[in-house]
Amino acid sequence: MADITNEREPERVAEAIPQAGAFGKVINAFGIVFAIAILSSAAILFLEVILRYGLNRPTIWAHETVIFLTACSFVFGGLYVASRNAHIRVVLIYDQLGAAKRRRFDVAISVACSFACAVFAWASWQSVVRAVWTPTGDFRLETSGSAWDPPTPGLVKVFLFIVLILMALQFAILAFNYLRKPVGR
């Protein structure tokens with residue numbers, strides 16, 4: 001009779017999957033930057049609460065800075081989970097497939113995601129054009145319109161565009177590597 005104890009698998013250090021290639025390893029390494037951005041956001045909000053309610057000296061920059069940092073972190077998160085194969089998927093069918101069919105699914109899903117990211121990048125480019133250049137063609141980043149008026153809306157739109165291009169590339173790399181991976185591995 002098998003021993004039914006509550007043994008857990010050893011914790012695995014999360015990292016980019018081999019199919020993500022060297023590009024995936026670079027993306028995975030950049031994850032710490034955005035983790036620090038989230039922690040910085042929390043620290044800024046904590047500081048704002050102390051300044052606003054404890055010292056009656058609110059800032060004009062805290063909320064927009066936090067929004068910018070968390071928006072960039074959220075956008076980067078899509079690329080980050082793609083490199084780690086940690087994105088949400090419906091496993092009801094996928095887990096029932098054999099190795100050969102699972103490989104074909106991995107290729108098809110990666111190709112579809114690459115195409116979708118490329119289309120979204122094209123669509124986001126339309127927003128970048130309006131956020132970065134004036135109608136006369138002069139460079140001017142879109143600003144928030146607040147009292148502080150930082151160019152963070154324009155920067156977030158540019159960052160989204162870049163990340164979508166990188167996601168299309170990452171999914172193309174995944175599709176290529178899944179396609180050349182021997183069945184069963």
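**Close-up views of a predicted helical model**

**View 1. Helix 1 meets helix 5.** Helix 1 and helix 5 pack with their axes 9 Å apart, at an angle of about 140°. Angles over 145 degrees would count as roughly antiparallel, so this angle makes helix 1 oblique to helix 5. Keep in mind that the model shown here is predicted. The crossing of helix 1 past helix 5 is left-handed. On the helix 1 side, look for Gly 21, Phe 23, Gly 24, Ile 27 and Phe 34. Their partners in helix 5 are Phe 159, Leu 166, Leu 169, Gln 170, Ile 173 and Asn 177. What classes of residue make up the contact of helix 1 with helix 5? Seven are nonpolar, four are polar and none is charged.

**View 2. Helix 2 runs beside helix 5.** Here the angle is about 5°, and the axes of helix 2 and helix 5 are 9 Å apart. Because angles under 35 degrees count as roughly parallel, helix 2 is roughly parallel to helix 5. From helix 2, the contact includes Phe 68, Ala 71, Cys 72, Val 75 and Phe 76, and also Gly 78, Leu 79, Ala 82 and Ser 83. Helix 5 answers with residues including Thr 152, Leu 155, Val 156, Leu 160, Val 163, Met 167 and Leu 174. Sorted by class, the contact of helix 2 with helix 5 holds 16 nonpolar and four polar residues, with no charged ones.

**View 3. The largest nonpolar core.** This core has 19 residues, and those with the most contacts inside it are Leu 79, Met 167, Phe 171 and Leu 174. Which helices each supply at least two residues of this core? They are helix 1 (21–54), helix 2 (62–84), helix 4 (99–132) and helix 5 (152–180). Helix 5 gives the largest share, six residues. Zoom in on Met 167: leaving aside its neighbours within four places in sequence, Met 167 is in contact with Gly 78, Leu 79 and Cys 117. Another core lies apart from the largest one; it has six residues, among them Ala 121, Val 128, Val 132 and Phe 161.

**View 4. Thr 152 and Ser 114, two residues to look up.** Thr 152 sits in helix 5, and Ser 114 is part of helix 4. Is Thr 152 buried or exposed? Its relative accessibility is 13%, so Thr 152 counts as buried. Ser 114, with a relative accessibility of 13%, counts as buried too. If we leave aside neighbours within four places in sequence, Thr 152 is in contact with Phe 68 and Glu 142. With its own neighbours within four places set aside, Ser 114 is in contact with Ala 168, Phe 171 and Ala 172.

View 5. You will find Asn 85 in the loop between helix 2 and helix 3 (91–94). Although Asn 85 is not a glycine, its phi is positive, at about 55°. With a relative accessible area of 27%, Asn 85 is partly exposed. Now turn to Asp 149, in the loop between helix 4 and helix 5. Asp 149 is not a glycine either, yet it has a positive phi of about 60°. Its relative accessible area is 32%, so Asp 149 is partly exposed.

Note on methods: Residues numbered from 1 in each chain as written. Predicted model: local features only at pLDDT ≥ 70, side-chain atom pairs only at ≥ 80, totals over all residues. Heavy atoms only, no water. Core = buried A, V, L, I, M, F, W, Y, C linked by side-chain atoms within 4.5 Å. Buried < 20%, exposed > 50% of the residue type's maximum accessible area, 1.4 Å probe, protein only. Helix = DSSP H or I, 4+ residues; strand = E, 2+ residues; numbered from the N terminus. Contact = heavy atoms within 4.5 Å. Axes fitted to C-alpha atoms, helices over the stretch in contact; angles between N-to-C directions. Parallel < 35°, antiparallel > 145°, perpendicular 65-115°, else oblique. Left-handed = near helix turned anticlockwise from the far one by under 90°. Nonpolar A, V, L, I, M, F, W, Y, C, P; charged D, E, K, R; others polar.
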